[in-house]
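Biologist: Can you take me through this model? I'd like to ask things as we go.

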Amino acid sequence: LYEVKALSNLWRLANWSYSEASPVFVQDRDGTLLEVIQCSQGVKQGCPLALTLFCVGFTPIIREAVKDHPTVIPIAVADDVTFSGPPDQVLEVSSAFNRLLSTAGLVSRPDKKVFVSLHPDAITEDVAKQLEDQKVAVETDGFVFAGIPIAVSVTETSKLLTPVLHSVKALLSLLTHPAMPKAVGYQLLQQSANAKCINIARCLRPQFCLPFAEEFDEQILNTLQVLLGKELSDPQIRQCKFPFSKGGLGLRPLASISHAAFVGAAAGIAPLWTSILGEDWRNLCPLYVDSVLESVTALRPKLNPRDFTDLFQPDDPNSFWDFFNSAEGLKLLQDAKGGLQGILTSLIEGKELDYFKGTLSPGDRSRLNSSSQKFASEWLRSSKSNTQLANSQFVTAILLRLGSPGESDSDPALALYDNS
């Protein structure tokens with residue numbers, strides 16, 4: 001720890017907490033104190049410093065394991081370690097890593113090991129024999145890393161994403177339970193469901209993500225219609241997808257923002273790629289670079305010509321990366337709410353809104369403009385039970401916002417909303 005100057009602000013706290021042995025109290029089932037053990041190894045259960053101190057102590061083991069294999073890249077999240085590189089060298093690093101763990105009093109669990117190669121031809125007979133002897137599971141079609149599926153095709157990606165869709169469907173079914181207040185069910189739908197899957201769109205190539213995103217969006221729409229007890233028209237569905245500030249219901253479709261999410265994430269991590277892999281990283285990751293530029297190309301027709309003129313021109317594909325490695329690009333990302341993804345999504349929605357308004361009658365445009373006013377969506381955001389609308393009132397208010405005529409006739413409590 002004391003060799004890591006970046007953590008110098010923790011030195012005194014760590015010394016105070018760990019310089020002496022700590023008492024560990026052993027009790028029986030009735031709470032009777034049996035013994036007090038003075039513990040001087042490892043980190044304390046529940047200590048806020050525990051994870052940081054573990055990682056500081058664990059890092060030298062990882063570095064020692066890969067020191068003779070420069071083509072192997074280690075990636076670790078606490079004790080979850082992944083080695084990436086040529087198969088034979090990864091196995092050598094893995095063996096060295098296991099030996100180093102034993103010297104530190106740690107053990108690697110074989111049942112949690114997975115060897116992944118999306119290029120089956122790269123697995124030689126010798127490598128295959130070693131994997132078989134070590135009883136390590138082998139994946140050649142795809143795998144899930146940090147919650148993100150990585151596969152050789154759209155079909156295999158879809159297979160890996162199926163459990164995610166099942167979990168989303170299970171969550172959404174709870175939101176339509178009769179005991180769930182409709183206002184609460186809607187808020188959870190609006191705030192939680194999309195957040196569950198947006199990280200997939202940020203990390204996964206859009207052409208691989210789109211089938212999943214379209215099915216996910218359909219589940220969201222179906223849940224809303226069940227909550228309202230009514231099938232919505234096409235214009236109403238389109239309005240639902242706009243944010244509150246544009247008169248919608250904030251149910252932003254994942255499919256429509258997948259390119260913006262992927263490009264936004266790429267812009268945000270461009271400096272990180274440079275710091276880890278060096279200035280030449282774009283030549284080391286050609287598939288990723290090409291995928292991002294494909295998304296940049298896909299975004300061009302969704303933007304107005306004046307938006308990001310320098311970044312989204314086909315003449316110089318490197319302009320995108322160069323900009324977000326510059327001080328100007330970093331400042332743009334720091335100042336923008338939601339980063340580049342937020343900027344692009346807002347611009348796309350602005351263009352889509354202009355087109356949508358052009359399809360509406362003057363009366364419907366006025367209704368949409370009224371719903372876009374500063375405080376016109378407060379009732380949708382209300383989280384206090386004593387200020388939320390009752391089920392029937394909430395449904396009526398939603399349908400009025402979406403332009404269903406005459407919905408408030410049976411409920412005088414909504415006359416003010418209708419008149420406004």
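Modeller: What follows is a short chat about the overall build, the charges, a few contacts and some backbone angles.

Biologist: What should I know before I start?

Modeller: This is a predicted model, where local features need pLDDT of at least 70, side-chain atom pairs count only at pLDDT 80 or more, and totals for chains, interfaces and linings use all residues. Residues are numbered from 1 along each chain as its sequence is written, and side-chain values use heavy atoms, with hydrogens and water left out.

Biologist: OK. How many helices and strands does the protein have?

Modeller: It has 18 helices and eight strands. Both are DSSP runs, numbered from the N terminus: helices are H or I with at least four residues, strands are E with at least two.

Biologist: And what box do the C-alpha atoms fill?

Modeller: Roughly 75 × 70 × 45 Å, taken along the principal axes.

Biologist: How much of the protein is buried?

Modeller: Buried residues make up 37% of the 420 residues. Buried means under 20% relative accessible area, exposed means over 50%, and partly exposed is in between (1.4 Å probe, protein chains only).

Biologist: What about the accessible surface?

Modeller: The total is about 24,400 Å², and 55% of that belongs to carbon and sulfur atoms. The areas come from the Shrake-Rupley method with a 1.4 Å probe; for residues, only the protein chains shown count as cover.

Biologist: What share of the contacts joins residues 24 or more positions apart?

Modeller: 57%, counted among contacts with a separation of 6 or more. Contact means heavy atoms within 4.5 Å.

Biologist: Switching to charges. How many salt bridges are there?

Modeller: A search of the whole structure finds seven. The criterion is a side-chain nitrogen of Lys or Arg within 4 Å of a carboxyl oxygen of Asp or Glu.

Biologist: Give me one. What does D111 pair with?

Modeller: D111 pairs with R109, at 2.7 Å from N to O. D111 counts as exposed because its relative accessibility is 58%. R109 is partly exposed, at 45%.

Biologist: Which residue does E156 bridge to?

Modeller: K159, with the closest N and O atoms 3.5 Å apart. Both sit in helix α5 (residues 154-175), three residues apart, about one turn of the helix.

Biologist: Is E156 buried or exposed?

Modeller: Buried, with a relative accessible area of 18%.

Biologist: Which residues form the negative surface patch?

Modeller: D88, E92, E125 and D126. Helices α3 (87-103) and α4 (125-133) are the elements that give two or more residues to the patch. Patch members have over 30% relative accessible area and no salt bridge; like charges are joined within 9 Å, and nonpolar side chains (Val, Leu, Ile, Met, Phe, Trp, Tyr) within 5 Å.

Biologist: Why does E125 count as exposed?

Modeller: Because its relative accessibility is 72%. E125 lies in helix α4.

Biologist: Which residues make the nonpolar patch?

Modeller: F25, L33 and V36, covering about 290 Å². V36 is in strand β2 (residues 33-39) and is partly exposed, at 38%.

Biologist: Now K302. Where does it lie?

Modeller: K302 is in the loop between α11 (286-299) and α12 (319-324). It is partly exposed, with a relative accessible area of 28%.

Biologist: What does K302 touch?

Modeller: S256, H259, I348 and K351, leaving out residues up to four places away in sequence. S173 is 129 residues from K302 in sequence, and their C-alpha atoms are 34 Å apart.

Biologist: Last topic, backbone. What is the phi of A78?

Modeller: Near 55°, a positive value in a residue other than glycine. Most residues other than glycine have a negative phi. A78 lies in the loop between β3 (73-77) and β4 (80-84), and counts as partly exposed at 25%.

Biologist: And the phi of K135?

Modeller: K135 also has a positive phi, near 55°. The loop between α4 and β6 (137-139) holds K135, which counts as exposed at 72% relative accessibility.

Terms used. Lys, Arg positive; Asp, Glu negative; His and termini not counted. Charge placed at Lys NZ, Arg CZ, Asp CG, Glu CD.
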